[in-house]
Amino acid sequence: MSYKRIVSLIAALLLILLAACKGSEGGNAANSPVPSGAWTEKPTAAPETQAPTAAPTPEPNMAPHSVSLNDNSAAYSQEVRYGGIEELREQYERAAEIGSRHGIYIYIADLVPNWILAHGNETQCDPALVKRSLDQVERILGYYPEGYFDQLLFDEFYGLDLYLVAYSSVAMGYTSFGPEVDPVGGTDMSRMRHFVCIDCEDLLIDTLSNTLPHELAHVTDRRLQYVSEHEEGRLFSEEAWNALNPEGFVYPYDDEELTNEIIEQHVEYLEYFSNSYAMQNPLEDRANLMGYLSRAAMGDSELDPDRYFEPCLIKTEFYLRCLRDAFDTSSWPEKTVWEQALEVLMGGGN
Ligand SMILES: [Zn+2]
């Protein structure tokens, strides 16, 4: 096959895969009856909520994990990859340094490969923007427990790549939401690696610490699901998750079916979801929860227990316990920043 043919085949494959994950909020913010970033914040006159059902609390499974991890040691001693932009010299070095600290690979500006750019992303080469994006990435990654990203490398996954890009106003690969869509992040898992693609400007201006944790939650979900499928007695399963949704609720899954009409029908369920986009499927539900929780946990939104609906907090609490259950937490702190924040939001811990 010609080089061009191979490139276009890869691009076509990526379009299909990436279409599965739109930007965390850019996807249908316009459709959402809940303001972007609300994370189940109560309206001023909050309706009385029905008594939430507590999440199931099975005995913790203390069996050692049988998930064997792929070697990620090279990611901790990365050589600096210099691109061709002299003004970015220091940022190329920082990208390698931050990546080496966390065991992930960070690609900036002209280092972002063409196959990523092939579906509508553009490089972001503005030195000030790149610098501030890396500041933000460094800050956010610093909240994750030591070795967290290593544990995402099992089975066919051999690395985690973070691409800092700019998106074009009409992004190829995201057409199912129409040309007005401006996606802010995406994940994929082709080429035996996870990758996360983030719009630098979004990282700085719009949702602050929401988007990157949202996308990392999608990657994290692959571990939850893998462990659930391969190990006996784990806490997480889609059935257990669904049990925390309102009775009768079914995720539409299909983008096309998440119409305004359905969102309106589901408005009564909104206290169970961080926003209407989270109703699309369980992956977006969990990623949105973690995006919003991260924002609170990382100090970018207010931690006010009176502002949040309890059913959503119960789902979040279950999710965090599932993380503990699905990861080797031997190097984790006693409480992660998410657990600390949730404790505050649930009114002091219960
Ligand atoms: Zn998402």
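At what angle do helix α9 (residues 282–297) and helix α10 (residues 310–326) pack, and how far apart are their axes?

**View 1. Packing of α9 against α10 in the predicted model.** Helices α9 and α10 pack at an angle of about 95°, with their axes 10 Å apart, the axes being lines fitted to C-alpha atoms over the stretch in contact and the angles running from 0 to 180 degrees between N-to-C directions. This makes α9 roughly perpendicular to α10, a term that covers angles of 65 to 115 degrees. R286, L289 and L293 of α9 and K315, T316 and Y319 of α10 make the contact, for which C-beta atoms, placed from the backbone, must lie within 7 Å. This is a predicted model, in which local features need pLDDT of at least 70 and side-chain atom pairs count only at pLDDT 80 or more, whereas totals for chains, interfaces and linings use all residues. Residues are numbered from 1 along each chain as its sequence is written.

**View 2. Helix α9 and its surroundings.** Helix α9 has 16 residues and reaches 22 Å from its first C-alpha to its last, close to the 22 Å expected at 1.5 Å a residue, where the expected span is 1.5 Å times one less than the number of residues. Of the 16 residues of α9, 14 are buried, so the helix is largely enclosed by the rest of the structure; a residue is buried if 20 or more other C-beta atoms lie within 10 Å of its own, exposed if 12 or fewer, and partly exposed in between. G299, whose phi is positive, near 80°, follows α9.

**View 3. Crossing of α10 and α11.** The axes of α10 and helix α11 (residues 337–345) come within 11 Å and cross at roughly 150°, and the two helices are therefore roughly antiparallel to each other, as angles over 145 degrees are classed. From α10, L313, T316, E317 and L320 meet W338, E339, L342 and L345 in α11.

**View 4. Two loop residues with positive phi.** Most residues other than glycine have a negative phi. A109, in the loop between β1 (105–107) and α3 (114–117), has a positive phi of about 45° although it is not a glycine, and A109 is buried, with 24 other C-beta atoms within 10 Å. D155, in the loop between α4 (127–141) and β3 (160–167), has a positive phi near 50°, and with 14 C-beta neighbours inside 10 Å D155 counts as partly exposed.

Key:
Helix = DSSP H or I, 4+ residues; strand = E, 2+ residues; numbered from the N terminus. Parallel < 35°, antiparallel > 145°, perpendicular 65-115°, else oblique. Contact = placed C-beta atoms within 7 Å.
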